[in-house]
Amino acid sequence: PAPIHAFDLQSALAPTSLCERALWELACKRKAGNAGRQDPRDAVGVPLQSSLEFRRVAESHPFAGKARSHKQGLLARAASISSFQADSFVCRRGMAAVVRLLFRLRDPMLPNIKQDWFSNVRGDVLAGIVVALALIPEAIAFSIIAEVDPKVGLYASFCIAVVTAFTGGRPGMISAATGAMALLMVTLVRDHGLQYLLAATVLTGVLQILFGVFKLATVMRFVSRSVVTGFVNALAILIFMAQIPELVGVTWHVYAMVAGGLAIIYLLPLVTQVVPSPLVCIVVLTGLAMYLGLEMPTVGDKGDLPDSLPVFLLPDIPLSLETLQIIFPVSLTMAVVGLLESMMTATIVDDLTDTDSDKHRECRGQGVANIASGFLGGMAGCAMIGQSVINIKSGGRTRLSTLVAGAFLLVLVVFLGDWVSR
């Protein structure tokens with residue numbers, strides 16, 4: 001079998017991946033059993049009786065199943081070799097070469113696909129639906145703060161969530177249009193209009209990518225735990241204060257709905273956790289209000305929902321140094337504020353899930369998302385701590401939850417807008 005033996009000795013004797021090493025040791029252990037050897041490495045002097053024996057070892061190993069679809073031809077070629085009954089040097093080199101052939105085409109990212117995307121499908125899908133329903137009124141409210149059309153915030157939330165699902169460094173974290181970013185763009189929109197905001201959003205993304213390339217996320221090491229705690233508590237207070245105007249001057253039905261919603265959210269998990277309690281709360285109370293015809297504030301009262309998909313567009317601004325002088329200060333401020341909020345949110349999600357995240361990749365991912373948002377008619381955004389915590393508490397853990405949140409948000413506002421507005 002000259003083709004198999006025509007490999008460099010050092011590369012053949014040194015398995016470079018977990019798959020190769022595990023398969024090599026398994027084959028050696030099975031041959032060492034009959035020879036009375038304890039160390040698998042001592043079994044290399046025991047030749048395999050035939051390549052069919054090696055094929056049985058390879059196909060029975062769990063790692064082989066991941067690559068079998070790409071390696072059937074190589075397995076058949078290994079089976080065609082009549083025998084490995086040569087000296088120990090030839091046997092060891094031939095076995096390692098076949099193992100390397102079996103897994104050479106294996107993508108090193110494949111083991112992470114299931115972990116990052118499909119390890120918690122049911123929980124991620126349900127959590128993504130909950131987050132999408134909660135994103136609609138917030139995106140509209142942030143658009144009003146920035147003095148732009150509600151579709152700008154909704155398009156931004158959809159685009160940023162979907163893009164960061166693929167490019168972000170923290171699985172399970174939700175990114176969309178936020179109030180902190182909306183406050184920074186008010187003056188720019190008021191003085192120069194929406195087109196300058198779109199250009200500033202694109203420039204914000206470019207700056208964030210540069211921050212990620214130069215690994216400026218390491219400055220998060222100098223942010224103390226007390227700062228993160230104060231950030232979370234301040235945000236909780238702001239969210240609570242923002243709800244108070246919605247409870248002033250309304251009928252008693254609103255208070256009854258609020259009490260019923262809180263009861264469902266906090267008591268249902270004591271009975272069952274099969275379905276996230278916020279999702280049950282939204283569905284039950286919405287159905288009850290529509291069935292009884294109750295006069296209550298709705299999402300449609302906040303603004304008109306878009307009725308078309310976002311389209312690619314270039315900001316209609318003059319490409320000049322004067323334009324850069326107008327948008328650069330705003331873009332730099334949004335890039336810094338957005339990354340600070342995203343990094344702190346990632347740290348909080350790390351603590352909630354007891355896992356680590358790639359902060360530098362998150363910087364680059366936020367930048368790519370903002371560039372895409374600017375070209376699709378959306379405003380700049382960043383990670384949302386409130387929605388991220390909702391996602392985690394509702395059972396979301398992987399990138400699939402973020403993707404479902406963004407995609408379901410677009411389906412709701414574009415195709416089910418009449419139902420959502422009520």
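Contact here means heavy atoms within 4.5 Å. The model shown is predicted.

**View 1. Helices H13 and H16 cross at roughly 100 degrees.**
Two packed helices are described by the angle between their axes and the distance between the axes. Helix H13 spans residues 225-243, and helix H16 spans residues 321-353. Their axes come within 11 Å. Angles of 65 to 115 degrees count as roughly perpendicular, so H13 is roughly perpendicular to H16. From H13, the residues in contact are Arg 225, Val 228, Phe 231 and Val 232. They meet Glu 341, Met 344, Thr 347, Ile 348 and Asp 351 in H16. By class, five residues of this contact are nonpolar, one is polar and three are charged.

**View 2. Helix H18 has buried residues along one face.**
H18 covers residues 385-393. Its buried residues are Ile 385, Gln 387, Ser 388, Asn 391 and Ile 392. Seen down the axis of H18, they fall within an arc of 165 degrees, so they line one face of the helix. What covers them includes helix H8 (121-145), H13 and H16. Strand S2 (382-383) and helix H19 (399-415) are also among the covering elements. After H18 comes Gly 395, with a positive phi near 110 degrees.

**View 3. Val 274 sits in the loop between helices H14 and H15.**
H14 spans 252-271, and H15 spans 277-292. Is Val 274 buried or exposed? Val 274 has a relative accessible area of 52%. Exposed means over 50%, so Val 274 counts as exposed. Leaving aside neighbours within four places in sequence, Val 274 is in contact with Arg 122 and Leu 126. Val 274 and Arg 122 are 152 residues apart in sequence. In space, they are 9.5 Å apart, C-alpha to C-alpha.

Terms used. Residues are numbered from 1 along each chain as its sequence is written. This is a predicted model: local features need pLDDT of at least 70, side-chain atom pairs count only at pLDDT 80 or more; totals for chains, interfaces and linings use all residues. Side-chain values use heavy atoms; hydrogens and water are left out. Axes are lines fitted to C-alpha atoms, for helices over the stretch in contact, and angles run from 0 to 180 degrees between N-to-C directions. Helices (H or I, at least four residues) and strands (E, at least two) are DSSP runs, numbered from the N terminus. Angles under 35 degrees count as roughly parallel, over 145 as roughly antiparallel, 65 to 115 as roughly perpendicular and the rest as oblique. Ala, Val, Leu, Ile, Met, Phe, Trp, Tyr, Cys and Pro count as nonpolar, Asp, Glu, Lys and Arg as charged, and the others, Gly among them, as polar. Buried means under 20% relative accessible area, exposed over 50%, partly exposed in between (1.4 Å probe, protein chains only). The arc is that of the directions from the helix axis to the C-beta atoms.
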